[in-house]
Amino acid sequence: MEAVGDTLEELWISYNLIEKLKGIHVMKKLKVLYMSNNLVKEWGEFVKMADLPSLVDLVFVGNPLEEKYAADGNWIEEATKRLPRLKKLDGNPVIKQEEEEAEGES
């Protein structure tokens, strides 16, 4: 991954049985990461994506971590708390709570 870490902007790695995100931190230009239907089940792996300064679009549906928290009804809240720069999660625009409150006041 280091060979493309300075230039790659999109990575589509869905359906690959991926459990660990080792080495993802080198993807400094990565804006789009589609990694649905893999095997990531721990927040410790998920938060490695916080090291990606350009990441704004993530598709993570179908991973055990997402399935567990989606069933509990708090997936979007938990995921965006850990990756606050996301603009799109699982194909849906991310609406920040502060923005909603600010709009209500104007």
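**View 1. Leu55 and the residues it touches.** In this predicted model, Leu55 touches Leu30, Lys31, Val32, Leu33, Met49, Arg85 and Leu86, leaving aside residues up to four places away in sequence. Contact here means heavy atoms within 4.5 Å. Leu55 lies in the loop between α1 (43-46) and β3. Helices (H or I, at least four residues) and strands (E, at least two) are DSSP runs, numbered from the N terminus. Is Leu55 buried or exposed? Leu55 is buried, at a relative accessible area of 3%. Buried means under 20% relative accessible area, exposed over 50%, and partly exposed in between (1.4 Å probe, protein chains only). The C-alpha atoms of Leu55 and Leu21 are separated by 14 Å, and the two residues are 34 apart along the chain.

View 2. Two strands pair if DSSP finds at least two bridges between them. Strands β2 (residues 32-34) and β3 (residues 57-59) run parallel, joined by 3 bridges. Tyr34 stands opposite Val59 in β3.

**View 3. Helix α2 and its buried side.** Leu65, Glu66 and Tyr69 are buried in α2 (residues 64-72). They cover an arc of only 90 degrees around the axis, which puts them on the same side of α2. The arc is that of the directions from the helix axis to the C-beta atoms. The buried residues of α2 pack against α1 and α3 (75-82). Just after α2 comes Gly73, with a positive phi of about 85 degrees.

**View 4. The whole chain, for orientation.** The protein chain holds 4 helices and 5 strands. Their pattern along the sequence is β-β-α-β-α-α-β-β-α. The radius of gyration is 14 Å, close to the 13 Å from the globule rule for 106 residues, so the chain is as compact as a globular protein of that length. This radius is taken over C-alpha atoms; the rule is 2.2 Å times the number of residues to the power 0.38. The C-alpha trace spans about 50 × 30 × 20 Å along its principal axes. Of the 106 residues, 37% count as buried.

**Notes.** Residues are numbered from 1 along each chain as its sequence is written, and side-chain values use heavy atoms, without hydrogens and water. In this predicted model, local features need pLDDT of at least 70 and side-chain atom pairs count only at pLDDT 80 or more, while totals for chains, interfaces and linings use all residues.
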